[in-house]
Amino acid sequence: MDIRLSGVSHAYGQMEVMRDITLDIPSGQIVCIVGPSGCGKSTLLRFIGGLERPDQGEVLQMGAPPEGCLNPLTYIFQDFALLPWRSVAGNVSLVLEDHGIRGTRAREIIDDVLDRTKLTDFAKALPKQLSGGMKQRVAIARALAVRPAVMLMDEPLSALDSQTRELLMDDLIALWTRTPFTAVYVTHNLAEAVRLGHSIVVLSRRPGQIREIVEIRKPLAERGFADPDLEAQQKHLWNLMRDEARAADAELLHG
Amino acid sequence: MADPGTTARRVDFRGGGFAPQSRRWVGLVVFVLLIAFAEWGTRTGFISALTLPKPSDVLETFRQLYETGLLWKHLIPSLSRLAVGAALGASVGIGVGVLIGLFSYIRAGLVPLIAAIFPIPKIALLPLFVIWFGIDEGSKYALIAFGTFTPTVVATYGAVDNVDRSLIRMGQSFGLSWRSIVLKIVLPGAMPGILSGLRISLAIAIILLVAAEMLGAEYGIGAYILEAGALYDLERLFAGVVILSLLGVLVSAAISMIERQLLGWRT
């Protein structure tokens, strides 16, 4: 299932945040969206998943979601959004219960996703006992449990320290290599974008418009930490963004 | 590196305090000291018998109360009034509070009404309740229920408002039904606020219980205290007051226990 955005524009009151965004998200690929702060990256992601409605333009699902998909458009949030009163397994089970999946069928799915995210030993732990990286792996496991057609990742690694971030990027690459998934990955971190993105959409500052789409052909599995090819791409992206980022930084909030 | 001639001075520690720690026995010690002081004062005549009864006499009165079986005769009607009234008020209060938290129209309609009812001293309405619900238990239940209702409503809708919106967003993004979001996200998320509201509501319920019993009851702790007061029997008055204090401590301990059971997930 592909996602197509056509002519999406949006304003919050007087403030125009996004102008005429047209973009295709092909299935099986990770599309990263980068841009200076306040350019509407996260808003765009909320449009794609239907948590907010754009003023103009539309977001289309092209084709039917694959069979067995419980929640085609599934988010992974920056703040993990785990229920603190439910165990790791309980947090995964939460999203299955509404689809009538309980008992042994739920057990199988939960075991499988916890195994894929290396959390099997922590099934009974409460979120307060977990580190930030583990919490985000629980959120990833929860997302995998509903077999999404598209994963919508809103700065998923931004709340983590840089070492945990590296580890989780490796985990994400391993997950994708095992079963390629479609994802829209919003980040302000260019290193993450070049590591994980098949294509990187660079947005301008407010009102957000697409400035450039950078394709990275190197297979995900071959990209490593401090890769010289990626460094060059990252430098290119930074050159595109630097002036805008500086201008965005100097802007007053709320007009 | 500093040269060998410089003097070394240890950095002063200045980071202490402002972190509450559990000191279990201090509370008890304060109680014991106060009572011991009263006992000493009344024995030596430093405190006149008119101002304060001897704690040992109060204990003796309490023992008699227990042995004659009068204790239960007063305590059981009081406890049942408290249980029925508070359960009624708290459950309706939680229900209405959740509805206010969830629906804008109900909020707009009821919040001003609750604000108008809250400051009314409920005891002033007792004559009205007697007409509405009868002179017997009905009016006492109603008074206690009404008194617990308002603080419970206010605490509950505040707690619902404070539920982490990002968790609700998460529920919506996974396509959870409205019912599931309310039952599995909103209610557990509001539980800490609801329970701390109950602490206050139940203390108010005890106060109203006594007030209701003072105005018209044959048996009950309130009636017992009123009678003792009328006769200026300080020992019995204090025995009654001690029962009320113990009741308050017990209720508070029960809520702490529920909190430990239900809210173990809190950091």
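In this predicted model, 24 residues of chain A are in contact with 19 residues of chain B. Chains A and B bury about 1,900 Å² between them, and carbon and sulfur atoms give 65% of that area. On the chain A side, the residues that lose the most area to chain B are Trp85(A), Asp98(A) and Lys128(A), which together account for 34% of what that side buries.

The interface between the chains also holds charged and polar pairs. Two salt bridges are counted between chain A and chain B. Lys184(B) forms a salt bridge with Glu97(A), with 2.8 Å between the closest N and O atoms. Eight residue pairs are in polar contact across the interface of chain A and chain B. On the side of chain A that touches chain B, two or more residues come from each of β5 (73–76), α2 (88–97) and α4 (132–145). By class, that side has 14 nonpolar, seven charged and three polar residues.

Within chain A, the domain assignment gives domain 1 (2–66 + 149–253) and domain 2 (83–147). The centres of the two domains, taken over C-alpha atoms, are 26 Å apart. Domain 1 of chain A gives 11 residues to the contact and domain 2 gives 10. About 890 Å² is buried between these domains, 66% of it from carbon and sulfur atoms.

One salt bridge is found across this domain interface, along with two residue pairs in polar contact. On the domain 1 side, helix α5 (residues 162–178) of chain A gives the most, with six residues. The residues of that side are seven nonpolar, two polar and two charged.

Key:
Residues are numbered from 1 along each chain as its sequence is written. Chains are lettered from A and ligands numbered from 1 in the order in which they are written. This is a predicted model: local features need pLDDT of at least 70, side-chain atom pairs count only at pLDDT 80 or more; totals for chains, interfaces and linings use all residues. Side-chain values use heavy atoms; hydrogens and water are left out. Contact means heavy atoms within 4.5 Å. Buried area is the accessible area (1.4 Å probe) that two parts lose on being put together, summed over both. A salt bridge is a side-chain nitrogen of Lys or Arg within 4 Å of a carboxyl oxygen of Asp or Glu. A polar contact is a pair of N or O atoms within 3.5 Å; within protein, one must be able to donate a hydrogen and the other to accept it, and residues adjacent in sequence count only if both atoms are side-chain atoms. Helices (H or I, at least four residues) and strands (E, at least two) are DSSP runs, numbered from the N terminus. Ala, Val, Leu, Ile, Met, Phe, Trp, Tyr, Cys and Pro count as nonpolar, Asp, Glu, Lys and Arg as charged, and the others, Gly among them, as polar. Domain bounds come from an automatic or database domain assignment.
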